[in-house]
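Trainee: Could you take a close look at one part of this protein with me? I would like to go through it step by step.

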Amino acid sequence: FLFLSITNVYADSYIVMDGEDLTVYRSRNQDVVQSIASVSKVMTAIVAIEKGELTDSWVVKEEIRNSYGSMIYLQQNQVVNLIDLLYGLLLESGNDAADAIAYHVGGNDTNQFIIWMNEKAIELQMKNTVYRNPSGLDDQDGGNLSTVYDQALLMRYCLQNDIFLQITQTKYYMNQL
C-alpha cells in the first residue's frame, strides 16, 4: 500500500518514481530535456567510483587551472586522493574536484572520462542525456543535458552503490591527507 501526497510542488519538472519497478507515481515534464548543471556530479561520482582507485593519491597540476564557481579550493601541486575528492565533489559540489577527478581517473584525459560518463548513461538507458563536462557548468560547451526521468534512473543505480551511499549520507568529513 502506498500513500502519496505531494502538494504545492513549484518545480518546472519533477518525478516521483518507485526505485524497484520504475513506476512513476507523479511527475511534471518528466521528458523535457534541460540543463542539469551540478546534478552532473552524480554521474561524475559513480564513474569515478567504478573506474578509479579510491586510495589513489596524486599531485594536482593544471587540470584545475580553469575551474571556477562552486569550489573546494584545490591548489596546483596539492597532494590529493580520490576518496577525499569524491567527498568534495558530492558534499561541496566542487567544480575543481570534478575537474581533478575526471582528469586523473580518465588517465590524464578528461575527454576519456566524459566518454565513460556517456557510456554509463547509455548502459542505464538514459535515452535523453548527454554529458559534455564533469562539473555541469554550461557556459563553455552547452553543458550537460538530461531529463528528470533519466536522472531518476541514475539515482536508482547510484543508491545501490555502498561507496556512493556512504559519501552522500555523511554529515561531516575531514580529509585524510
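In which sense do strand S1 and strand S2 pair, and over how many bridges?

Mentor: Happy to! Keep in mind that this is a predicted model. Strand S1 covers residues 14-17 and strand S2 covers residues 24-28, and the two pair in the antiparallel sense over 4 bridges.

Helix H2, residues 82-92, is mostly covered, with 8 of its 11 residues buried. Among the buried ones are Leu-82, Ile-83, Asp-84 and Tyr-87. Their cover includes helix H1 (40-51), helix H3 (95-105) and helix H6 (162-168), as well as strands S4 (57-59) and S5 (79-81). Just after H2 comes Ser-93, with a positive phi of about 60°.

H1 has another neighbour for you to look at: H1 packs with helix H4 (residues 110-123), their axes 10 Å apart and at an angle of about 100°. Angles of 65 to 115 degrees count as roughly perpendicular, and H1 and H4 are therefore roughly perpendicular to each other. On the H1 side, the residues that meet H4 include Met-43, Val-47 and Lys-51, while Phe-113, Trp-116 and Lys-120 are among those on the H4 side. The residues of this contact of H1 with H4 divide into 7 nonpolar, 2 polar and 3 charged.

Methods. Residues numbered from 1 in each chain as written. Predicted model: local features only at pLDDT ≥ 70, side-chain atom pairs only at ≥ 80, totals over all residues. Heavy atoms only, no water. Pairing = 2+ DSSP bridges. Buried < 20%, exposed > 50% of the residue type's maximum accessible area, 1.4 Å probe, protein only. Contact = heavy atoms within 4.5 Å. Axes fitted to C-alpha atoms, helices over the stretch in contact; angles between N-to-C directions. Parallel < 35°, antiparallel > 145°, perpendicular 65-115°, else oblique. Nonpolar A, V, L, I, M, F, W, Y, C, P; charged D, E, K, R; others polar.
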